[in-house]
Each structure stands twice: as structure tokens, then as C-alpha cells.
Amino acid sequence: MIEVKNLVKIYETKKGCVTGVDQVSLTVKKGEVYGIVGYSGAGKSSLIRCLNLLEKPTSGEIHIDGVELTTLSKTELRKARLKIGMIFQHFHLVSAKTVSENIAFALKAAGLPKAKIHDRVTELLDMVGLSDKKDVYPAQLSGGQKQRVGIARALANNPSVLLCDEATSALDPSTTKSILSLLKKINSELGITIVLITHEMEVVKTICDRMAVMQDGKIIEEGDVYEVFANPKQSLTKDFVNSILQFELPERLLEERQGKLIKIYFQGEIAEQGVISDVFQTFKVRGNILHGKIEYIQDIPLGIFIMEITGEQVEMDRAIAYIAARTKNLEVIDDAA
Ligand SMILES: Nc1ncnc2c1ncn2[C@@H]1O[C@H](COP(=O)(O)OP(=O)(O)O)[C@@H](O)[C@H]1O
Ligand SMILES: [Mg+2]
């Protein structure tokens, strides 16, 4: 478990003080995948780098598995850090070492006997699917393969926590997917707690259990990923959610509409319960779906539809009241009738 209390990170530069993290408190439960999103400069890297004291906090506490890191001596900290793996956007591999040597380096540093290093490296290479690349140098690897080496190195000493700083931001979408599924596998099979920071909601949607939104060094919203996607509160959070769920309707459709234009948000099971078909069987209205999308977040559907409803005024009103009662959120966006 990770517990951060009143964390502050202020950088002292020649031009004055810059706040990286501003009074952040958060708890990440054991075995959880916790995502922190925010735009560039929000303080995400400062925060995650404070978690293993790669950056020294100005004030506040960091507890990992019950150990308060900020008060440890150098030797104690070195030991505690073995339990915290980290991967980076630009991989940070040693270019003059082979894949095996990059991974072995982390084991040597931890003092593992030589005889055991070879076996552990073999095991790690197998885990990340790179057994055939063991003697290759980083320059000969694709971005996804480099990140796999980074992951193997981070897991070398059996950490309980894995920190990921924009680990997929330098990768193309399909490679991102494969790295995310590897991270998910590591989380579920090894029970490793993962904290990741990203500017992409797609990443959060794909693998996180809980999430926080960061702005100006502060956490402005936090919660279960589905809850945040379904009911974002802050406007920045809404922007992030919209990057996944929103879409624009072509002007032409708005001009040619005849009835009422409604936007319906579906949550959870309701998305599967055929509300739309029930409406057309129950009321004398006609409907036209202009746009729709269902996203699955933590395997639960979250949908948004824009429909045009036409018919007699009374029937339209009744149909809309019916849909409103059966869905979480209905918005009449335009009323031509
Ligand atoms: N080493 C540093 N020295 C001075 N200012 C820094 C340093 N690292 C980060 N900052 C500043 O701290 C703020 C947060 O940066 P950062 O944590 O990198 O955000 P993010 O990862 O969300 O893009 C920014 O204003 C940035 O300029
Ligand atoms: Mg960053």
C-alpha cells in the first residue's frame, strides 16, 4: 500500500521557486492499478518521482508498505527502493549493454549472487517475451521491445510497486496496447501495485482501477475509474472524459432535424437493456440514431447516443420522459418541434 500525505515539491531555480507538487495526499491500495492524468506541467512526473525519492520532497510523507521513506538513511533507502520498480517514457536503457546485461545490472546492484543472476534474467526475459533478444543491443530493438526490457529490469528484484512515468507515450497505439496488457498481466499475476501517470485517458480506461486528475500540482478529482468517466465533476476531468466519449455532429444534421434532438447517457446494465427498442414499441414515435458510442470501462458499458425523435408532441414528450426515467442522464439538445 502507498500512502502519500501532504506532499509538496518546490524546485528552487535561478529564476525563483517553482511548485511541482502542491499538498497532495493519496492512498493506493495493494494490488491496485492507479492512474494519474493531467496535461503537461501538471506535476505528474514530480509526484511519481517523489514516490521513490528520485526527487526529494520539500515536505510531506511517503509511506510504502508501512515504511516512511522520507526519514530513511541512505542505506535503508537503497534497500527500500528495491521494492519499487520504475519504467520511463524513454526507457533509460544503457546502450552499451545487451538486453541481458541491462537486466542483470539491476540484480548485481542488489547483490544477487552471480550464479543466480543468469537464471533470474532468463525468467524475466521469458516473462516479457524477449527470450530471443537476450544478446541484442538496445539500438536494435523497437520501442515496444525497449520498454519490455525496461519492465524486466524494473521487476528484477521482485518489487511490490511499479511506477510508470508515461511508459507508453513514446509508442504507437498497437504497441501501447501490448505494453498495457503486459502491465495488466504483471498486476494480476504477480499482484504488483501499479501507479502510472499519463496524459492519455485511453491508458486509464484500459488498465486502471482508480484514478486521479492533476492540475497545477494538485489533485483536483479522484475516484473509481468508471465513476469518474460516468460522472466527471471538474471541468478539466470532463475534458479528459470527452476525449474518449465525445463527438461532434455535422452541421447539416442539426439544420435538417425535424423533431427533438436528445442526447442520452447510458450507464452500467442499462446500456444493454434495450431501452431504445422498448421506446419504439411503447410510444408512437419514430427515432433516428444520429450518433452513438458505447465504451467498456472495467467491462461495464458506458454509452452515449444522439437521437432525433419525431411524432406527435404528446407522444414525444411521453417517450422522452420514459427514456429519462430509465437512463441516468438525458439532455434535450435541440427542439425543432
Ligand atoms: N527539475 C526541475 N526544476 C525546476 N522546475 C521543474 C523541474 N521539474 C519539473 N519542474 C516544474 O514543475 C512543474 C511540474 O512539472 P512535471 O512534474 O514535469 O509535470 P508533468 O509531468 O505533469 O508534465 C512544471 O512547472 C515544471 O516546469
Ligand atoms: Mg511528465
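This is a predicted model: local features need pLDDT of at least 70, side-chain atom pairs count only at pLDDT 80 or more; totals for chains, interfaces and linings use all residues.
A polar contact here is a pair of N or O atoms within 3.5 Å; within protein, one must be able to donate a hydrogen and the other to accept it, and residues adjacent in sequence count only if both atoms are side-chain atoms. Residues are numbered from 1 along each chain as its sequence is written, chains are lettered from A and ligands numbered from 1 in the order in which they are written, and side-chain values use heavy atoms, with hydrogens and water left out.

**Around ligand 1**

- The shell (residues with a heavy atom within 4 Å) includes Tyr11, Val18, Tyr39 and the run Gly43, Lys44, Ser45 and Ser46.
- Its residues split into 4 nonpolar, 7 polar and 1 charged, with Tyr and Ala counted as nonpolar, Lys as charged and Gly as polar.
- A backbone N or O atom of Gly43 is 3.0 Å from an oxygen atom of the ligand, and the side chain of Tyr11 has an N or O atom 3.5 Å from a ligand nitrogen.
- On its own ligand 1 exposes 560 Å², and the protein buries 61% of that (Shrake-Rupley areas, 1.4 Å probe).
- H1 gives the largest share of the shell, 3 residues; strands S1 (2-13) and S2 (16-28) also supply at least two each.

**The 4-strand sheet**

- This open sheet runs S2-S1-S4-S5 with antiparallel pairing (strands are DSSP E runs of at least two residues, helices H or I runs of at least four; pairing takes at least two bridges).
- S1 and S2 are joined by 9 bridges, and Lys9 has Val21 in S2 as its bridge partner.
- H1 packs on this sheet, touching S1, S2 and S4 (59-64), at about 120° to S1 (contact means heavy atoms within 4.5 Å; axes are fitted to C-alpha atoms, for helices over the stretch in contact, with angles from 0 to 180 degrees between N-to-C directions).

**The 6-strand sheet**

- The other open sheet has the order S6-S7-S8-S3-S9-S10 and mixed pairing, with S6 (84-88) and S10 (218-224) at its edges.
- H1 (residues 44-51) packs here too, its direction making about 155° with that of S8.
- Helix H9 (residues 235-245) lies across S3, S9 and S10, at about 120° to S9.
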